[in-house]
Structure formats: C-alpha cells, structure tokens
Amino acid sequence: MGPAGEPVEAVFREERGRLLALLAARFGDLDLAEEVTAQALLAAVETWPRSGVPREPLAWLATTARRKALDRIRRDATLATKLATLHADADPARRAAPVPEHEHIPDDRLQLMFACCHPALDLDTQTGLTLRYIAGLSTAEIAQAFLVPPATMAQRLTRGKRKIQQSRIPFRVPGPDELDGRLSLVLHVVYLIFTEGYAATGHHDLVRCDLVDEAIRLARILHRLMPGEPRVTGLLALMLLTDARRPARVDGHGIAVSLEDQDRSLWDTSMIDEGARLTTQALSHHSPNSWSVQAAIAALHDEAPSAQETDWRQVRLLYDELFALTPTPVVALNRAIAIAWHEGPQAGLDHLEALADQPSLTRQHHWHAARGHELARLRRHTAAAKAYRRASELAQTPAEIAYLASRAEKYTTPG
Amino acid sequence: MKYMLLIMGFREGEGMPPPPSSGAPSVEEFMHYQRELGQAGVNVDSGLLQSFEDATQVQVNDAGERLVTNGPFAESREYLGGYQIIDVPDLDAALDWAARCPGAKYGRVEVRPLAEF
C-alpha cells in the first residue's frame, strides 16, 4: 500500500504506464513487461522508505525492471531461446542498449498505444488493452466500466495480449504512409472510452470508474507525445469542451438537462478556456479534420451566454463542413438541429423528416427528441408529445428517460 | 518470424456471395509478386493450387477406415487457392505483403503466424 493507503499501482500510475511501455517495446513481450513492472514497483515500495527516493525515480524503476526481466529470461530457457530469435531480427541495437540511468527516459507509450489499437485486434479488445496498459486501470475496473463480468474482461485481455505476442504485432509508431489510418483507430478508441463514460453520467453508479476522465487523460498523453498532430489536439479540445458542461448536464433529481436549459454558470470555465485554445491551435492547420471541426462547434456552444445567443449560423456552417468530411446520419441529425435554431422550427423539422428513412437514427432517441422539440415550437403539441414519448422509450439512461418522459407529459396536458 | 498467407477465393454459384472483384489473378501477376518477394529476401515457399473442383477429401474414422469423397467440402463458401510463406520481422510487414498479393484483390488473404516449436 502507498502513502494514502492506495495500492502500489495507483500511486505509481504514471510511472507504471511508462515503464510498461518501455519494457514492452524493448522485449516485445507484454506479459514479461507487466510482471517485471509490478516487481520493480514493489521493490520501490520496500526500498525507498529506508534508502530514500532516488534522484531519478523512473530511471531507478526502469533499471530494476530491466534487471528482473533479464533474470527471468535467464531462468526461463525456453523463453530465452524465443527471445534470442526475437532479438536477432528486430532492431538489435535498441534492444541491446542499456536503459539510460541518468538521462531522459524515452516515453514509449505511443508505441504501446499503437500496438493496443492495432486493426488486427477487435474494437472491444483494443479498448480494453488501452485502458489496462496505457490508462493503467485494473481488469476489474475495466470490466465494471463496460458492465461485463471480470472473467470476460480478463479473458478478452489475455486473448488480446496473446495475439500481440503470437502474431508479433509491433510496438511501433507506423510509418508516414500508414500513420493516418492507424492514428484514426487510436483516436476512435479514446473517443469511444469518452462517449461510454459520458453516456453513463447520471447513472448514480458510484463504483463505476470515470471513463470520461480516463479518456481525457489518454488524449493528454497522446497530445504530449504528438503535439503537432491537429487531430489529437482537436480530439482533446472536443472532450474538454464537452466535459466542461458536466456539472450542468443532470439536475439535482438525476434528470438530464438539455443544452438549451443548462445553467451555464455551472460550466467549467478553465476547461472551456483550455479547450478553446486547443481548438484554435488544431484549426490553424491547413486541412481541417472532423475532430477539430467538432471541437469548434463545441467551443461556439460553450462560449455563448445562452442557446438563443449562440452563433447558429456559424454552427450550421461548421456542420456543413463536418458533413462534407464525415457524411454520417448522426452528423446530418445535428446539422438539422442547427438549421432549426438558425432558420426556424419548420426548416429544422423538414430536415429532420428527410432523415426518417435512416434506421440508425430512428432506432435511437435523439432523432425523436429533436422532432419533439421542433413540433413543440410549432405548437403541434399532440405530435410533440408522441415524439417525446417514443424518444423516452428508446433512451438508455435513467436521466434521459426521466427528462424525455417529463417532456412528453408536458405536451400531453392541454395548455 | 514466418507467416503463411492463405490465398482464399470465393466460390461462385447459388447462395454464394459475389467476390469483391470479378475475375482471378493472372499467372503474370503472381510471377511479378514472386519476383518482388525474392528481391526483398522474404520468400520462403509458395504454391498455387489446381481448381478446388479437383479436390478429394480423406477422413479416417476410429476403426481406421478410410473415407474418400470427391470434390471440395460442400458447405464452404471459400476455397484455398494457394499459399505463400514469408519471413518478415512483424505482423505489419506481413500485412503489407498480404496487401500486395494478387489474391487480395479477387478474394481474401488470411495471414497466419507459423507456430514455432
């Protein structure tokens, strides 16, 4: 246990991630890296209180872990043979090099992240491995966050680790011609973690660990390692600008509050400032990307004093741009909502009705709720109540169900 | 690390999905691919198979009796058209070679690491 009674892994979370990445890249073996990282951290907990914290804690840990790794390799003859062949053909100079004791320890977490988010692994596994090995969550925490039994998650992680090992997925940042596609996968995983956590807000499930914070933390690591990559900057900005509204998203009774009705004084201004600054940075690159455009839309919302005073014309133009980049039904839906604000409820409703043949939209509550909103503005209360009722049936979280049901109720009662 | 690239083709016919791209890779395309593999020094072994219609199935039961039947396994939608074994540093390199394989355009290339004993 650490100083605050936390497990060792939690205290050394940052160091743990870096050590693991360093050792995985060096030995090409995630299992071994995991084992010796844990041993090194334990050694630190045992030694440091007596001998004092070393001047370069990470270098101390890296050296200790590397020594333990070499010990284990010597002990395990079969493994040694395997590693010998491994060493023979993959970057021998780097593997043979000792861990630098007193200089800069390389941050190999980017390499590890690309390995965890390799397209040869399925998306669930990519997400699990990223949370386990980059974010440093325990298997039990990840299982809880994704509402699956711990044994299922453990098996998923073991299989993923095994595939990385057996098919030799490299711990490497892909070359320029592949980087674009591969980085998209990494960003997708991070955003998926974010939306999973975001959707859960209002669950009042205290044991559920905060995936939103984890996703932002992952994006910060990525941003530190790829500061000039506008998509990373855009994604981090988008998540900050979205999460800034967290305190206002659910009211005291656990009912979701729409963007329009949120108490904007509750929004986190420092997150908004940081997000807006990053958005400007992300957009300064010549070719726009969908993350940065979404961040720009979020920034317009966050910086407006009210829904009415939002620059809806600009929001709509950005949605046009986003639709050109990613022509998905969800973007079309959000664009229709922006049109409703900019041009009026009838124009908005027309655009929404034009999407009625998109099953991916009509199966979810957002489209029905948006229709309800515009119908209510047009004073077509019966139709509005019906749309909200349908939306409440399709919503997933208690907070949203409660909100949508209350809307349906409101327009059912005459007057 | 050795990987086998299994060059899979789609069977055409009733109830079979259409292939991603019609036609079949030409012998010239495979020759060219072979030359590239050779120049890169990663070629271990390869073989193209005769038509799956010429296949014969063999099974041996508990009593040691041989059961021989004509043709490919009726249920399968795909057939193995050939294989290529390469020796490359990692999966990314193997995937690159798989993508360049002429079979990838007309069917599917399955990349499998060879077990080491």
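This dialogue considers how several features of a predicted model may be read.

Visitor: How many helices and strands make up the secondary structure of chain A?

Guide: In this predicted model, chain A has 23 helices and zero strands. Of its 415 residues, 40% count as buried. Among contacts in chain A with a separation of 6 or more, 61% are between residues 24 or more positions apart.

Visitor: Which residues of helix α2 of chain B are buried?

Guide: A residue is counted as buried if 20 or more other C-beta atoms lie within 10 Å of its own. In α2(B), residues 91-100, this applies to B:Leu91, B:Ala94, B:Leu95, B:Trp97 and B:Ala98. These residues lie on the same side of α2(B), because the arc they cover around the axis is only 165 degrees.

Visitor: Against which elements do the buried residues of α2(B) pack?

Guide: Their packing partners in chain B are the strands β1 (2-10), β5 (78-87) and β6 (108-113), together with the helix α3 (103-106).

Visitor: In what sense does β1(B) pair with β5(B), and over how many bridges?

Guide: The pairing of β1(B) with β5(B) is antiparallel and spans nine bridges. Within β5(B), B:Ile86 is the residue opposite B:Tyr3. β1(B) also runs antiparallel to β6(B), to which six bridges join it. There, B:Leu6 has B:Glu110 of β6(B) as its bridge partner.

Visitor: How many residues does each chain bring to the contact between chain A and chain B?

Guide: Chain A contributes eight residues and chain B six residues. On the side of chain A that touches chain B, four residues are nonpolar, two are polar and two are charged.

Conventions:
Residues are numbered from 1 along each chain as its sequence is written. Chains are lettered from A and ligands numbered from 1 in the order in which they are written. This is a predicted model: local features need pLDDT of at least 70, side-chain atom pairs count only at pLDDT 80 or more; totals for chains, interfaces and linings use all residues. Two residues are in contact if their C-beta atoms, placed from the backbone, lie within 7 Å. Ala, Val, Leu, Ile, Met, Phe, Trp, Tyr, Cys and Pro count as nonpolar, Asp, Glu, Lys and Arg as charged, and the others, Gly among them, as polar. A residue is buried if 20 or more other C-beta atoms lie within 10 Å of its own, exposed if 12 or fewer, and partly exposed in between; C-beta atoms are placed from the backbone. Helices (H or I, at least four residues) and strands (E, at least two) are DSSP runs, numbered from the N terminus. The arc is that of the directions from the helix axis to the C-beta atoms. Two strands pair if DSSP finds at least two bridges between them.
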